[in-house]
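Student: I have a chain open on my screen and would like to talk through its fold. Could you take me through it step by step?

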Amino acid sequence: MKTDFEAYYADLRRKAVRQLETRRQECAAMDPAFAALQAKRSRVFLMPAQGAKLTLSTLRMEEEALLKRYGLPKDYLLPAYSCPLCQDTGYVGSPIKKKCACRLKLEQQDLVEAGRINERETFSGFREDIYPDEASRKEGKTICVLCQRFADALPAPKYPQLLLFGQAGRGKSFMGNAIAARAIERGIDTLRLTAYRMTEEVMNGFSNNASPLPRFTQVPLLVLDDLGTEPLIPNVTKESLFAIADQRNTSRLATVYISNLNADELTERYGERIASRITDASITKAIRFTGDSLRGSKEKNR
Ligand SMILES: [Zn+2]
């Protein structure tokens, strides 16, 4: 089940307001001075901004003194948000808003529940015994170390782009998942999806007159799996992929591209303009997966 985060936070805020209202009524019943302060406060909004600020802080001090007299905590008449950092909005920071840690945690739970993060596919779930021979085991271990290093250096690894490529069934997606899981664990906003799904989401976004691209161009970590298997929809696939790859490349945002295609094949499919963003040697570590398919042995191990 996908959580509607906006509705979830709106609910939390309503709850905080309701509880505050109850406490206000309690206090007003106890001492009319509370009600008088509240009435004064509601008139402050008619005042010019400068004076209003001063008056509010004076009222606040009077209220704190009054609360103290009744042995109540000084924040008793402030809304008790379940997350004081974001005041139950899910976002922190201004003017540039970032997702609050509480929201990232919620999203992570949601992803795990929705099966979009496979808990088996994490670095700690990495198993050497799935490799059929010594050479591929060695390669697997080396790649795992590189990917782990990348994940631990997020959000700004030395080489912000990873290109994991090689034939199907070599464990590329596993590494992509493990990087995403580690990033989310570390509180880094992450989007992991297949190129197919991304094309779908871009199409849906455009047909709803939304602007679907910022989500993909701005997320601190994008893991784009199965690049090369999505349909090439005219005016959509290449255009959006270029916008995303170009902007992420320019802003040096962490991106993991996973594909069965090598650099030449990427150029052939998408053209030089796109492929050069994805394989840009100055910011990309390209990791080739060779060896035999692991699919059979993986199955046996489950
Ligand atoms: Zn929060």
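Student: Before we start, what kind of model is this, and how are residues numbered?

Tutor: This is a predicted model, in which local features need pLDDT of at least 70 and side-chain atom pairs count only at pLDDT 80 or more, while totals for chains, interfaces and linings use all residues. Residues are numbered from 1 along each chain as its sequence is written.

Student: OK, how many helices and strands does the chain have?

Tutor: The chain has 12 helices and 7 strands, where helices (H or I, at least four residues) and strands (E, at least two) are DSSP runs numbered from the N terminus. The chain is more spread out than a compact globule, because its radius of gyration is 26 Å, well over the 19 Å that the globule rule gives for 302 residues. That radius is taken over C-alpha atoms, and the rule is 2.2 Å times the number of residues to the power 0.38. Along its principal axes, the C-alpha trace spans about 80 × 45 × 35 Å.

Student: And which domains is it divided into?

Tutor: Domain 1 covers 5–92 and domain 2 covers 116–301, with bounds that come from an automatic or database domain assignment. The centres of the two domains, taken over C-alpha atoms, are separated by 47 Å.

Student: How much of the chain is buried?

Tutor: Buried residues make up 25% of the 302 residues; a residue is buried if 20 or more other C-beta atoms lie within 10 Å of its own, exposed if 12 or fewer, and partly exposed in between, with C-beta atoms placed from the backbone.

Student: Let's pick a helix. What is the span of α5?

Tutor: Helix α5 (residues 134–153) has end C-alpha atoms 29 Å apart, which agrees with the 28 Å that its 20 residues should span at 1.5 Å a residue; the expected span is 1.5 Å times one less than the number of residues.

Student: Which of its residues are buried?

Tutor: In α5, Gly140, Ile143, Cys147, Phe150 and Ala151 are buried. Seen down the helix axis, the buried residues of α5 fall within an arc of 95°, so they line one face; the arc is that of the directions from the helix axis to the C-beta atoms. An α-helix has 3.6 residues a turn, so residues three or four places apart point the same way.

Student: What sits on the face turned away, and what covers the buried residues?

Tutor: The face of α5 turned away from its buried side carries the exposed residues Glu134, Thr142, Val145 and Arg149. The cover over the buried residues of α5 includes β3 (161–166), α6 (172–185) and β7 (284–289).

Student: Which residues touch the most others in the largest nonpolar core?

Tutor: Of its 40 residues, Leu164, Ile179, Leu224 and Val256 touch the most other members, and the largest share of this core, 8 residues, comes from α6. A nonpolar core here is a set of buried Ala, Val, Leu, Ile, Met, Phe, Trp, Tyr and Cys residues joined through C-beta atoms within 7 Å.

Student: What does Val256 contact?

Tutor: Leaving aside neighbours within four places in sequence, Val256 is in contact (C-beta atoms, placed from the backbone, within 7 Å) with Leu162, Leu164, Gly176, Ile179, Val223 and Leu224.

Student: What does Glu230 touch?

Tutor: Glu230 is found in the loop between β5 and α9, and, not counting residues up to four places away in sequence, Glu230 touches Ala195, Tyr196, Thr199 and Thr237. The C-alpha atoms of Glu230 and Arg197, 33 residues apart along the chain, are separated by 8.0 Å.

Conventions
Contact = placed C-beta atoms within 7 Å.
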